[in-house]
Amino acid sequence: MKESEEEMFRVNQDYQKLPGSYLFSTIAKKVKAYQDANPDAAIIRLGIGDVTRPLSKSVIDALHVAVDEMGDESTFRGYAPDLGYDFLREAIVKIDYAKRGCDIAADEIFVSDGAKSDSGNIQELFSKDCRIAVCDPVYPVYVDSNVMGGRCGTYDADKEQWSDIIYMPTTAENGFVPEFPKETPDVIYLCLPNNPTGTTIPKSELQKWVDYANKNKALIIYDAAYEAYISESDVAHSIYECEGAKTCAIEIRSFSKNAGFTGLRLGFTVVPKELVFDGVSVNGMWARRHGTKFNGAPYIVQRAGEAVYSEAGQKEIRELVGYYMQNAALIRSGLADAGYEVYGGVNAPYIWLKTPNQMTSWEFFDYLLEKANVVGTPGSGFGPSGEHYFRLTAFGTVENSKIALERIKAL
Ligand code: MLT
(Lines give C-alpha, C1' and ligand atoms only; values in the text may rest on other atoms or scores of the structure.)
Protein backbone atom coordinates (compact mmCIF):
# COMPACT_ATOMS: atom_id res chain seq x y z
CA MET A 1 0.00 0.00 0.00
CA LYS A 2 1.43 3.36 -1.01
CA GLU A 3 1.26 5.77 1.88
CA SER A 4 2.25 9.15 0.49
CA GLU A 5 1.62 11.16 -2.65
CA GLU A 6 5.33 10.96 -3.56
CA GLU A 7 5.01 7.23 -3.95
CA MET A 8 2.12 7.46 -6.39
CA PHE A 9 2.42 6.70 -10.08
CA ARG A 10 3.78 9.84 -11.75
CA VAL A 11 2.89 10.88 -15.27
CA ASN A 12 5.52 12.00 -17.77
CA GLN A 13 6.05 15.63 -16.71
CA ASP A 14 7.47 16.57 -20.11
CA TYR A 15 3.95 16.25 -21.56
CA GLN A 16 2.70 18.72 -18.98
CA LYS A 17 5.00 21.37 -20.43
CA LEU A 18 3.22 21.35 -23.81
CA PRO A 19 0.98 24.38 -24.22
CA GLY A 20 -2.66 23.63 -25.14
CA SER A 21 -3.52 21.04 -27.75
CA TYR A 22 -1.96 20.16 -31.08
CA LEU A 23 -2.36 23.05 -33.56
CA PHE A 24 -4.75 21.31 -35.93
CA SER A 25 -6.86 19.98 -33.07
CA THR A 26 -7.24 23.52 -31.73
CA ILE A 27 -8.36 24.72 -35.15
CA ALA A 28 -10.80 21.83 -35.56
CA LYS A 29 -12.36 22.64 -32.18
CA LYS A 30 -12.73 26.34 -33.04
CA VAL A 31 -14.29 25.56 -36.41
CA LYS A 32 -16.70 23.05 -34.85
CA ALA A 33 -17.81 25.61 -32.27
CA TYR A 34 -18.41 28.16 -35.04
CA GLN A 35 -20.30 25.65 -37.19
CA ASP A 36 -22.46 24.57 -34.23
CA ALA A 37 -23.37 28.20 -33.58
CA ASN A 38 -23.90 28.89 -37.30
CA PRO A 39 -25.31 25.70 -38.80
CA ASP A 40 -26.07 27.35 -42.15
CA ALA A 41 -22.54 28.63 -42.72
CA ALA A 42 -21.03 26.94 -45.79
CA ILE A 43 -17.52 26.61 -44.42
CA ILE A 44 -14.64 25.95 -46.81
CA ARG A 45 -11.70 24.24 -45.14
CA LEU A 46 -8.29 25.27 -46.43
CA GLY A 47 -6.65 24.74 -43.03
CA ILE A 48 -5.11 21.33 -42.44
CA GLY A 49 -3.31 19.96 -45.49
CA ASP A 50 -5.77 17.15 -46.06
CA VAL A 51 -6.45 15.98 -49.60
CA THR A 52 -9.87 15.99 -51.27
CA ARG A 53 -9.38 13.98 -54.48
CA PRO A 54 -10.24 10.26 -54.35
CA LEU A 55 -7.61 7.56 -54.69
CA SER A 56 -6.47 6.82 -58.24
CA LYS A 57 -7.54 3.82 -60.33
CA SER A 58 -4.24 1.96 -60.03
CA VAL A 59 -4.35 2.30 -56.24
CA ILE A 60 -7.99 1.17 -55.98
CA ASP A 61 -7.34 -1.79 -58.31
CA ALA A 62 -4.34 -2.87 -56.23
CA LEU A 63 -6.37 -2.56 -53.03
CA HIS A 64 -9.14 -4.77 -54.46
CA VAL A 65 -6.70 -7.45 -55.53
CA ALA A 66 -4.93 -7.38 -52.16
CA VAL A 67 -8.22 -7.55 -50.25
CA ASP A 68 -9.18 -10.65 -52.26
CA GLU A 69 -5.78 -12.19 -51.52
CA MET A 70 -6.41 -11.68 -47.81
CA GLY A 71 -9.68 -13.62 -48.12
CA ASP A 72 -8.07 -16.64 -49.73
CA GLU A 73 -6.22 -19.22 -47.65
CA SER A 74 -3.47 -19.68 -50.24
CA THR A 75 -2.63 -15.94 -50.49
CA PHE A 76 -3.55 -14.70 -47.01
CA ARG A 77 -0.81 -12.73 -45.18
CA GLY A 78 -0.39 -12.26 -41.47
CA TYR A 79 2.12 -9.88 -39.91
CA ALA A 80 3.96 -7.84 -42.52
CA PRO A 81 7.77 -7.76 -42.32
CA ASP A 82 8.36 -5.02 -39.75
CA LEU A 83 10.64 -3.01 -42.04
CA GLY A 84 8.38 -3.29 -45.11
CA TYR A 85 7.70 -5.73 -47.94
CA ASP A 86 10.54 -6.08 -50.45
CA PHE A 87 8.19 -5.40 -53.37
CA LEU A 88 7.53 -1.89 -52.02
CA ARG A 89 11.06 -1.14 -50.82
CA GLU A 90 12.45 -2.13 -54.21
CA ALA A 91 9.89 -0.02 -56.10
CA ILE A 92 10.81 2.98 -53.92
CA VAL A 93 14.51 2.50 -54.58
CA LYS A 94 14.01 2.24 -58.32
CA ILE A 95 11.65 5.16 -58.90
CA ASP A 96 12.39 7.62 -56.08
CA TYR A 97 16.14 7.15 -55.85
CA ALA A 98 17.94 5.23 -58.64
CA LYS A 99 16.11 7.29 -61.29
CA ARG A 100 17.45 10.45 -59.67
CA GLY A 101 20.96 9.09 -59.43
CA CYS A 102 20.80 8.43 -55.66
CA ASP A 103 22.50 5.28 -54.46
CA ILE A 104 20.01 4.03 -51.85
CA ALA A 105 19.52 0.31 -51.10
CA ALA A 106 16.25 -1.44 -50.23
CA ASP A 107 17.46 -2.23 -46.71
CA GLU A 108 17.91 1.49 -46.08
CA ILE A 109 14.16 2.05 -46.62
CA PHE A 110 11.87 1.61 -43.60
CA VAL A 111 8.18 1.48 -44.51
CA SER A 112 5.81 2.96 -41.94
CA ASP A 113 2.23 4.08 -41.42
CA GLY A 114 3.07 7.64 -42.42
CA ALA A 115 5.48 10.52 -42.23
CA LYS A 116 3.83 12.05 -39.18
CA SER A 117 4.59 8.96 -37.09
CA ASP A 118 8.16 8.85 -38.33
CA SER A 119 8.78 12.55 -37.77
CA GLY A 120 7.45 12.22 -34.25
CA ASN A 121 9.22 8.97 -33.43
CA ILE A 122 12.62 9.72 -34.93
CA GLN A 123 13.67 11.72 -31.84
CA GLU A 124 13.88 8.44 -29.90
CA LEU A 125 17.25 8.03 -31.60
CA PHE A 126 18.66 11.23 -30.09
CA SER A 127 20.30 11.39 -26.71
CA LYS A 128 18.46 13.45 -24.09
CA ASP A 129 20.97 16.29 -24.24
CA CYS A 130 20.94 16.76 -28.02
CA ARG A 131 20.36 20.34 -29.11
CA ILE A 132 17.85 20.47 -31.90
CA ALA A 133 17.52 23.24 -34.45
CA VAL A 134 14.31 23.98 -36.29
CA CYS A 135 13.20 26.54 -38.83
CA ASP A 136 10.75 29.06 -37.44
CA PRO A 137 7.91 28.73 -38.49
CA VAL A 138 7.94 24.94 -38.42
CA TYR A 139 5.69 21.85 -38.66
CA PRO A 140 4.75 21.53 -34.95
CA VAL A 141 5.40 17.77 -34.71
CA TYR A 142 9.19 18.21 -34.63
CA VAL A 143 9.10 20.50 -31.61
CA ASP A 144 6.23 18.85 -29.74
CA SER A 145 7.74 15.37 -30.04
CA ASN A 146 11.08 16.62 -28.72
CA VAL A 147 9.28 18.28 -25.80
CA MET A 148 7.67 14.91 -25.05
CA GLY A 149 11.16 13.44 -25.20
CA GLY A 150 12.35 15.90 -22.55
CA ARG A 151 14.72 17.73 -24.83
CA CYS A 152 13.48 21.30 -25.04
CA GLY A 153 13.97 22.94 -21.63
CA THR A 154 11.35 25.41 -20.49
CA TYR A 155 8.72 27.29 -22.45
CA ASP A 156 8.78 31.08 -22.52
CA ALA A 157 5.17 32.04 -23.18
CA ASP A 158 6.08 35.63 -24.08
CA LYS A 159 8.64 34.66 -26.65
CA GLU A 160 6.70 31.49 -27.57
CA GLN A 161 10.01 29.66 -27.59
CA TRP A 162 11.61 26.72 -25.81
CA SER A 163 14.83 27.52 -23.98
CA ASP A 164 16.83 24.59 -25.39
CA ILE A 165 15.69 24.75 -29.00
CA ILE A 166 17.69 26.61 -31.59
CA TYR A 167 15.33 28.57 -33.82
CA MET A 168 16.29 29.49 -37.38
CA PRO A 169 13.85 32.19 -38.53
CA THR A 170 12.69 31.96 -42.13
CA THR A 171 10.91 35.13 -43.14
CA ALA A 172 10.34 37.30 -46.16
CA GLU A 173 13.47 39.26 -45.09
CA ASN A 174 15.81 36.30 -45.61
CA GLY A 175 13.83 34.90 -48.53
CA PHE A 176 12.71 31.98 -46.34
CA VAL A 177 16.22 30.50 -46.45
CA PRO A 178 17.38 29.42 -42.98
CA GLU A 179 20.72 30.77 -41.88
CA PHE A 180 23.34 28.68 -40.06
CA PRO A 181 22.64 29.16 -36.35
CA LYS A 182 25.15 30.81 -34.01
CA GLU A 183 25.10 27.83 -31.65
CA THR A 184 26.01 24.52 -33.26
CA PRO A 185 23.09 22.07 -33.16
CA ASP A 186 23.29 18.27 -32.91
CA VAL A 187 20.15 17.74 -34.96
CA ILE A 188 18.77 19.97 -37.71
CA TYR A 189 15.21 19.54 -38.95
CA LEU A 190 14.64 20.68 -42.52
CA CYS A 191 11.32 20.38 -44.34
CA LEU A 192 11.69 21.17 -48.03
CA PRO A 193 9.57 22.16 -49.89
CA ASN A 194 8.54 23.79 -46.69
CA ASN A 195 5.50 23.31 -44.58
CA PRO A 196 4.15 25.88 -43.70
CA THR A 197 5.68 28.58 -45.92
CA GLY A 198 5.39 26.67 -49.19
CA THR A 199 8.83 27.97 -50.18
CA THR A 200 11.98 26.00 -50.91
CA ILE A 201 15.69 26.40 -51.57
CA PRO A 202 17.80 25.43 -54.58
CA LYS A 203 19.94 22.30 -54.45
CA SER A 204 23.09 24.46 -54.15
CA GLU A 205 21.76 25.88 -50.84
CA LEU A 206 20.80 22.42 -49.59
CA GLN A 207 24.33 21.22 -50.36
CA LYS A 208 25.62 23.90 -47.95
CA TRP A 209 23.48 22.38 -45.16
CA VAL A 210 24.84 18.92 -45.93
CA ASP A 211 28.41 20.25 -45.81
CA TYR A 212 27.63 22.11 -42.56
CA ALA A 213 26.16 18.97 -40.95
CA ASN A 214 29.10 16.81 -41.97
CA LYS A 215 31.59 19.40 -40.75
CA ASN A 216 29.82 19.75 -37.39
CA LYS A 217 28.95 16.06 -37.03
CA ALA A 218 25.27 16.92 -36.84
CA LEU A 219 22.31 14.87 -38.04
CA ILE A 220 19.81 16.30 -40.53
CA ILE A 221 16.20 15.10 -40.39
CA TYR A 222 15.01 15.90 -43.88
CA ASP A 223 11.24 15.90 -44.34
CA ALA A 224 10.53 15.61 -48.06
CA ALA A 225 6.78 14.97 -47.80
CA TYR A 226 6.08 17.60 -50.45
CA GLU A 227 8.74 16.67 -53.01
CA ALA A 228 6.14 15.71 -55.66
CA TYR A 229 5.13 19.38 -55.81
CA ILE A 230 8.52 20.63 -56.96
CA SER A 231 8.18 22.36 -60.31
CA GLU A 232 11.56 24.11 -60.60
CA SER A 233 14.52 22.20 -61.99
CA ASP A 234 17.17 23.53 -59.60
CA VAL A 235 15.40 22.07 -56.54
CA ALA A 236 16.46 18.66 -55.20
CA HIS A 237 13.73 16.04 -54.74
CA SER A 238 15.85 14.12 -52.24
CA ILE A 239 18.64 15.25 -49.94
CA TYR A 240 20.67 12.31 -51.27
CA GLU A 241 21.06 14.25 -54.52
CA CYS A 242 23.60 16.27 -52.50
CA GLU A 243 27.11 14.97 -52.11
CA GLY A 244 27.87 13.57 -48.67
CA ALA A 245 24.23 13.40 -47.51
CA LYS A 246 24.43 9.70 -46.69
CA THR A 247 26.77 10.38 -43.79
CA CYS A 248 24.56 13.03 -42.20
CA ALA A 249 20.91 12.75 -43.24
CA ILE A 250 17.75 10.78 -42.62
CA GLU A 251 14.96 11.42 -45.14
CA ILE A 252 11.24 11.10 -44.41
CA ARG A 253 8.72 10.59 -47.20
CA SER A 254 4.96 10.36 -47.39
CA PHE A 255 2.29 8.91 -49.68
CA SER A 256 -0.29 11.34 -48.29
CA LYS A 257 0.31 14.39 -50.40
CA ASN A 258 1.44 12.87 -53.69
CA ALA A 259 -1.00 9.93 -53.84
CA GLY A 260 -3.76 11.05 -51.47
CA PHE A 261 -3.10 8.45 -48.75
CA THR A 262 -3.98 10.70 -45.79
CA GLY A 263 -6.72 8.25 -44.83
CA LEU A 264 -4.93 5.11 -45.98
CA ARG A 265 -1.64 5.82 -44.12
CA LEU A 266 1.73 4.96 -45.65
CA GLY A 267 5.17 6.54 -45.54
CA PHE A 268 8.81 5.61 -45.33
CA THR A 269 12.07 6.78 -43.88
CA VAL A 270 15.51 6.38 -45.42
CA VAL A 271 18.34 5.68 -43.00
CA PRO A 272 21.59 5.12 -44.91
CA LYS A 273 24.05 2.55 -43.62
CA GLU A 274 26.84 5.14 -43.77
CA LEU A 275 25.07 7.05 -41.01
CA VAL A 276 27.24 6.27 -38.01
CA PHE A 277 27.47 8.37 -34.83
CA ASP A 278 29.26 7.41 -31.61
CA GLY A 279 30.44 4.34 -33.54
CA VAL A 280 26.82 3.18 -33.76
CA SER A 281 24.87 2.44 -36.95
CA VAL A 282 21.74 4.58 -36.97
CA ASN A 283 20.24 2.22 -39.55
CA GLY A 284 20.64 -0.63 -37.06
CA MET A 285 19.07 1.47 -34.30
CA TRP A 286 16.05 2.39 -36.40
CA ALA A 287 15.65 -1.27 -37.43
CA ARG A 288 15.75 -2.20 -33.73
CA ARG A 289 13.15 0.43 -32.90
CA HIS A 290 10.88 -0.60 -35.78
CA GLY A 291 11.22 -4.28 -34.89
CA THR A 292 10.30 -3.62 -31.28
CA LYS A 293 7.51 -1.10 -31.65
CA PHE A 294 5.99 -1.64 -35.09
CA ASN A 295 4.47 -4.68 -36.78
CA GLY A 296 4.60 -3.32 -40.31
CA ALA A 297 2.20 -1.31 -42.45
CA PRO A 298 -0.81 -3.35 -43.66
CA TYR A 299 -0.22 -5.63 -46.66
CA ILE A 300 -3.09 -4.15 -48.66
CA VAL A 301 -1.79 -0.62 -48.09
CA GLN A 302 1.74 -1.57 -49.13
CA ARG A 303 0.31 -3.11 -52.33
CA ALA A 304 -1.51 0.20 -52.90
CA GLY A 305 1.83 1.97 -52.36
CA GLU A 306 3.49 -0.32 -54.90
CA ALA A 307 0.81 0.61 -57.43
CA VAL A 308 1.81 4.27 -57.09
CA TYR A 309 5.16 3.31 -58.65
CA SER A 310 3.65 1.54 -61.69
CA GLU A 311 3.70 3.43 -64.99
CA ALA A 312 -0.02 4.17 -64.74
CA GLY A 313 0.34 5.06 -61.04
CA GLN A 314 3.08 7.58 -61.78
CA LYS A 315 0.96 9.22 -64.45
CA GLU A 316 -1.98 9.40 -62.05
CA ILE A 317 0.00 11.06 -59.30
CA ARG A 318 1.32 13.64 -61.76
CA GLU A 319 -2.30 14.44 -62.63
CA LEU A 320 -3.27 14.60 -58.96
CA VAL A 321 -0.42 16.95 -58.13
CA GLY A 322 -1.29 18.99 -61.22
CA TYR A 323 -4.87 19.33 -59.99
CA TYR A 324 -3.81 20.74 -56.62
CA MET A 325 -1.17 22.96 -58.17
CA GLN A 326 -3.88 24.57 -60.32
CA ASN A 327 -5.48 25.59 -57.03
CA ALA A 328 -2.16 26.82 -55.72
CA ALA A 329 -1.65 29.02 -58.79
CA LEU A 330 -5.22 30.27 -58.59
CA ILE A 331 -5.04 31.18 -54.90
CA ARG A 332 -1.58 32.66 -55.21
CA SER A 333 -2.33 34.91 -58.18
CA GLY A 334 -5.85 35.76 -56.97
CA LEU A 335 -4.56 36.94 -53.60
CA ALA A 336 -1.69 38.84 -55.19
CA ASP A 337 -4.16 40.62 -57.49
CA ALA A 338 -6.21 41.50 -54.42
CA GLY A 339 -3.15 43.19 -52.92
CA TYR A 340 -1.98 40.44 -50.55
CA GLU A 341 1.71 39.70 -50.07
CA VAL A 342 1.94 36.00 -50.98
CA TYR A 343 4.66 33.34 -50.98
CA GLY A 344 4.90 29.65 -51.78
CA GLY A 345 2.51 27.78 -54.04
CA VAL A 346 5.11 27.20 -56.79
CA ASN A 347 6.94 24.12 -55.48
CA ALA A 348 4.47 23.29 -52.72
CA PRO A 349 0.73 23.02 -52.09
CA TYR A 350 0.79 25.79 -49.46
CA ILE A 351 0.30 29.51 -49.90
CA TRP A 352 1.78 31.70 -47.19
CA LEU A 353 0.39 35.18 -46.97
CA LYS A 354 1.01 38.25 -44.90
CA THR A 355 -2.07 39.21 -42.88
CA PRO A 356 -3.56 42.59 -43.85
CA ASN A 357 -3.57 45.66 -41.61
CA GLN A 358 -1.10 44.25 -39.08
CA MET A 359 -3.71 41.71 -37.89
CA THR A 360 -2.29 38.91 -35.78
CA SER A 361 -2.51 35.47 -37.33
CA TRP A 362 -5.33 34.40 -34.97
CA GLU A 363 -7.24 37.68 -35.54
CA PHE A 364 -7.10 37.00 -39.25
CA PHE A 365 -8.18 33.39 -38.65
CA ASP A 366 -11.32 34.60 -36.82
CA TYR A 367 -11.97 37.32 -39.35
CA LEU A 368 -11.79 34.90 -42.29
CA LEU A 369 -13.90 32.30 -40.52
CA GLU A 370 -16.60 34.76 -39.53
CA LYS A 371 -16.69 37.03 -42.56
CA ALA A 372 -15.87 34.59 -45.37
CA ASN A 373 -16.51 31.19 -43.76
CA VAL A 374 -13.05 30.14 -44.90
CA VAL A 375 -10.69 28.20 -42.63
CA GLY A 376 -6.95 28.63 -42.88
CA THR A 377 -4.06 28.08 -40.48
CA PRO A 378 -2.64 30.94 -38.38
CA GLY A 379 1.07 31.34 -39.07
CA SER A 380 1.86 31.93 -35.40
CA GLY A 381 0.71 28.36 -34.70
CA PHE A 382 3.90 27.24 -36.44
CA GLY A 383 6.22 29.41 -34.37
CA PRO A 384 6.84 33.03 -33.39
CA SER A 385 8.22 34.06 -36.78
CA GLY A 386 4.92 32.93 -38.30
CA GLU A 387 3.09 35.76 -36.53
CA HIS A 388 1.28 38.08 -38.99
CA TYR A 389 1.32 35.31 -41.58
CA PHE A 390 -1.39 32.85 -42.59
CA ARG A 391 -1.39 29.55 -44.48
CA LEU A 392 -3.92 28.36 -47.04
CA THR A 393 -3.72 24.92 -48.61
CA ALA A 394 -4.25 24.04 -52.24
CA PHE A 395 -5.73 20.65 -51.29
CA GLY A 396 -9.36 21.75 -51.62
CA THR A 397 -11.48 21.11 -54.68
CA VAL A 398 -11.03 23.58 -57.55
CA GLU A 399 -14.66 24.70 -57.09
CA ASN A 400 -14.23 25.42 -53.39
CA SER A 401 -10.86 27.09 -53.88
CA LYS A 402 -12.46 29.46 -56.39
CA ILE A 403 -15.36 30.24 -54.07
CA ALA A 404 -13.01 30.78 -51.13
CA LEU A 405 -10.90 33.13 -53.21
CA GLU A 406 -13.94 35.14 -54.34
CA ARG A 407 -15.10 35.45 -50.73
CA ILE A 408 -11.67 36.61 -49.56
CA LYS A 409 -11.41 39.10 -52.39
CA ALA A 410 -14.86 40.47 -51.57
CA LEU A 411 -13.91 41.28 -47.96
C1 MLT B 1 -0.45 20.17 -42.34
O2 MLT B 1 -1.55 20.67 -42.56
O3 MLT B 1 0.52 20.82 -41.95
C4 MLT B 1 -0.30 18.71 -42.57
O5 MLT B 1 -1.41 18.18 -43.18
C6 MLT B 1 -0.09 18.04 -41.33
C7 MLT B 1 0.37 16.65 -41.54
O8 MLT B 1 0.70 16.24 -42.65
O9 MLT B 1 0.43 15.96 -40.53
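Tyr 299, Val 301, Gln 302, Arg 303, Ala 304, Gly 305, Ala 307 and Val 308 are the buried residues of helix H10. Buried means under 20% relative accessible area, exposed means over 50%, and partly exposed lies in between (1.4 Å probe, protein chains only). The model is predicted: local features need pLDDT of at least 70, side-chain atom pairs count only at pLDDT 80 or more, and totals for chains, interfaces and linings use all residues. Residues are numbered from 1 along each chain as its sequence is written, and side-chain values use heavy atoms, with hydrogens and water left out.

## Helix packing

H10 spans residues 299-308 and is mostly covered, with eight of its ten residues buried. Helices (H or I, at least four residues) and strands (E, at least two) are DSSP runs, numbered from the N terminus. The buried residues of H10 pack against H3, helix H4 (86-97), strand S2 (109-112), helix H8 (256-259) and H11. Contact here means heavy atoms within 4.5 Å.

H3 (residues 57-70) and H11 (residues 311-337) also meet each other. Their axes come within 8 Å and cross at roughly 135°. Axes are lines fitted to C-alpha atoms, for helices over the stretch in contact, and angles run from 0 to 180 degrees between N-to-C directions. H3 and H11 are therefore oblique to each other. Angles under 35 degrees count as roughly parallel, over 145 as roughly antiparallel, 65 to 115 as roughly perpendicular, and the rest as oblique.

On the H3 side, Lys 57, Ser 58 and Val 59 make the contact; on the H11 side, Ala 312, Gly 313 and Glu 316 do. The contact residues divide into two nonpolar, two polar and two charged. Ala, Val, Leu, Ile, Met, Phe, Trp, Tyr, Cys and Pro count as nonpolar, Asp, Glu, Lys and Arg as charged, and the others, Gly among them, as polar.

His 290 belongs to helix H9 (residues 282-293). At 2% relative accessibility, His 290 is buried. Its contacts, not counting residues up to four places away in sequence, are Asp 82, Leu 83, Phe 110, Val 111, Ser 112 and Asp 118.

## Aromatic rings and charges

Rings of Phe, Tyr and Trp (its six-membered ring) pair if their centres lie within 6.5 Å; planes under 30 degrees apart count as stacked, over 60 as edge-to-face and the rest as tilted. By this rule there are 30 aromatic pairs. Two of them are tabulated.

| Pair | Centre to centre | Angle between planes | Type |
|---|---|---|---|
| Phe 176 and Tyr 389 | 6.4 Å | 75° | edge-to-face |
| Tyr 226 and Tyr 350 | 5.2 Å | 65° | edge-to-face |

Phe 176 lies in the loop between strand S6 (166-169) and strand S7 (187-191), and Tyr 389 in strand S17 (residues 389-393), so this pair ties together parts 213 residues apart in sequence. Both Phe 176 and Tyr 389 are buried.

Tyr 226 lies in the loop between strand S8 (219-223) and strand S9 (249-254), and Tyr 350 in strand S14 (residues 350-354), so that pair ties together parts 124 residues apart in sequence. Tyr 226 and Tyr 350 are buried too.

Ring pairs also build a cluster from Tyr 22, Phe 24, Phe 176, Tyr 343, Trp 352, Phe 382 and Tyr 389. Tyr 389 has a charge over its ring as well: the charged end of Lys 354 sits 4.7 Å from the ring centre. The charged end of Arg 53 sits over the ring of Tyr 323, 4.4 Å from its centre. A charge sits over a ring if NZ of Lys or CZ of Arg is within 6 Å of the ring centre and within 35 degrees of the ring normal.

## Loops and backbone

The loop between S7 and helix H7 (203-216) holds Pro 193. Pro 196 is found there too, between S7 and H7. A cis peptide bond joins Leu 192 and Pro 193, with omega about -15°. The bond from Asn 195 to Pro 196 is cis, with omega near 20°.

Glu 160 has a positive phi, near 55°, in a residue other than glycine. Glu 160 sits in the loop between strand S4 (155-156) and strand S5 (161-162). With a relative accessible area of 33%, Glu 160 is partly exposed.

Gln 358 also has a positive phi, near 60°. Its place is the loop between S14 and helix H12 (361-372). Gln 358 is exposed, at 61% relative accessibility.
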